[in-house]
Amino acid sequence: MTQTPRTPSRRRRRAVPAALAAMLTLVLVAAGLGGLVVWQNSYELREEAVTIRQGERVLNGVLALPAQGKGPFPLVVFVHGDGPVDATHDTFYRPMWEAFARSGHASLSWNKPGVGGAPGDWLDQSMDDRADEAADAITWARRHPDVDGARIGLWGASQAGWVLPKIAARDPGIRFAIAVSPAVNWLRQGRYNLLAELSRDGASDAEVADALARRETGLELLARGASYEEYVRAVGDPEGMTAARWRFASKNHTADVSADLPALRGIPVLLVLAGHDVNVDIAETEAAYRRLLPGPALQVAHYPDAGHGLLDHAIEKSSLRLTLTALCAPRALFAEGFLADQARFVSRALAAGS
């Protein structure tokens, strides 16, 4: 028997418009969020992709200029920390560039060798190699029409702490330096970091003892110039230590800033330290800087609620919150006052020396 079609009930007739309304709401919310993300990630500055050629060295970089006004502008040269960092540090530098740009300062950064199509391999570099690279970039910048070659300073984070004073030793024209979370001694920093991470992760006494024993084996092998193959045979599982990383450690494990830091005497230095830094012993760092850079030219800024990269620790420890903040409010990633404090320091440093 053929069933007679039924007339849709009032509830079913209303269901379709309700579904459409819900979909429309989702579309509008998504569009609104998309607009928010675009707006929050649009910065008040002008970015210029640059190719830095100095001798045989080629660096792919970004010159960030104030949004308004005509140069030449004072320049902040960015020196990266550890790892395969590109010119923007995955956009994390842009809020800092904007803060400097709003104060009338330009910023210069470049891809590490081997990153983003750049020639070379950053794991082949020593700290002296990194200083030479930065010195070449500064020489290039002094010829750029938008850069005031007489007002150039340095910004560097973490591993860059071993590089900044080497740059200043090569270039007496450096006007200021900002050192963010720098360590003093490579070996002591590594031990501090290992123990801090084990403690944070709740490692047992046996796990701590095993990790320290593996570390001592590695250090003994580095000290006598052992090959990576010897290292693997000695420790078994290399736990992330690649042949390239072993080569990098072999070049740099004796780094200590004590001999080089006096090159920064006589220029304004801002030492930035974080209260939740598991990478660097901030007490040792502050003591060394105060001992080796005596006098009022050294300023020390503490951010108790920040992690090693000066991101807000409460945000940093949650992957979801970190991602959402990076998308929707990237300037809020950093510890309160950090962005403005750096720009203020540069303005005052340059004004004092003019």
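Helices (H or I, at least four residues) and strands (E, at least two) are DSSP runs, numbered from the N terminus. On that basis the protein chain has twelve helices and eight strands. This is a predicted model, in which local features need pLDDT of at least 70 and side-chain atom pairs count only at pLDDT 80 or more, while totals for chains, interfaces and linings use all residues. Residues are numbered from 1 along each chain as its sequence is written, and side-chain values use heavy atoms, with hydrogens and water left out.

**Burial and contacts**

- Of the 354 residues in the protein chain, 44% are buried, where buried means under 20% relative accessible area, exposed over 50% and partly exposed in between (1.4 Å probe, protein chains only).
- Contact means heavy atoms within 4.5 Å; among contacts in the protein chain with a separation of 6 or more, 72% are between residues 24 or more positions apart.

**Largest pocket**

- A pocket is found on a 1 Å grid over the protein atoms alone, as an open set of points where a 1.4 Å probe fits, with protein on both sides within 12 Å along at least five of seven lines.
- The volume of the largest pocket is about 1,600 Å³, a volume being the space filled by probe spheres set on the points, which are joined across faces, edges and corners.
- The largest pocket is lined by 48 residues, of which Asp82, Gln189, Asn193, Arg245 and Asn279 are the closest to its centre; lining residues have an atom within 4 Å of a point.
- At least two lining residues each come from strand E5 (147-157), helix H5 (186-200), helix H6 (205-223), helix H7 (228-235) and helix H8 (243-252).
- H5 gives the largest share of the lining, eight residues.
- The lining divides into 26 nonpolar, 13 polar and nine charged residues, with Ala, Val, Leu, Ile, Met, Phe, Trp, Tyr, Cys and Pro taken as nonpolar, Asp, Glu, Lys and Arg as charged, and the others, Gly among them, as polar.

- H5 has 15 residues and spans 21 Å from its first C-alpha to its last, close to the 21 Å expected at 1.5 Å a residue; the expected span is 1.5 Å times one less than the number of residues.
- Trp186, Gln189, Asn193, Ala196 and Leu198 are buried in H5, and the buried residues of H5 pack against helix H3 (127-142), H6 and H8.
- In H8 the buried residues are Ala244, Trp246, Phe248, Ala249 and Asn252, and what covers them includes H3, H5, H6 and H7.

**Aromatic pairs**

- Rings of Phe, Tyr and Trp (its six-membered ring) pair if their centres lie within 6.5 Å, with planes under 30 degrees apart counted as stacked, over 60 as edge-to-face and the rest as tilted.
- The count by this rule is 14 aromatic pairs.
- Phenylalanine 78 and tryptophan 155 make a stacked pair, at 4.6 Å centre to centre and 25° between the planes.
- That pair links distant parts of the chain, with phenylalanine 78 in strand E3 (residues 73-79) and tryptophan 155 in strand E5, 77 residues apart.
- Both phenylalanine 78 and tryptophan 155 are buried.
- Tyrosine 303 and phenylalanine 338 form an edge-to-face pair, because their ring centres are 5.8 Å apart and their planes are at 85°.
- This second pair also links distant parts of the chain: tyrosine 303 is in strand E8 (residues 298-307) and phenylalanine 338 in helix H12 (residues 338-353), 35 residues apart.
- Tyrosine 303 counts as buried at 8% relative accessibility, and phenylalanine 338 is buried with a relative accessible area of 1%.
- One aromatic cluster is formed by Phe78, Tyr93, Trp97, Phe100 and Trp155.

**Backbone geometry**

- Most residues other than glycine have a negative phi, and most peptide bonds are trans.
- The peptide bond from glycine 71 to proline 72 is cis, with omega near 10°; proline 72 lies in the loop between strand E2 (57-66) and E3.
- Histidine 89, not a glycine, has a positive phi of about 50° and is found in the loop between E3 and helix H2 (94-102).
- Histidine 89 is partly exposed, with a relative accessible area of 32%.
- Glutamate 239, also not a glycine, has a positive phi of about 50° and is placed in the loop between H7 and H8.
- Glutamate 239 counts as exposed at 58% relative accessibility.

**Leucine 333**

- Leucine 333 is in the loop between helix H11 (319-328) and H12, and counts as buried at 3% relative accessibility.
- The C-alpha atoms of leucine 333 and aspartate 312 are separated by 5.9 Å, with the two residues 21 apart along the chain.
- Not counting residues up to four places away in sequence, leucine 333 touches Phe92, Leu310, Leu311, Asp312, Ile315, Leu322, Thr325 and Ala326.
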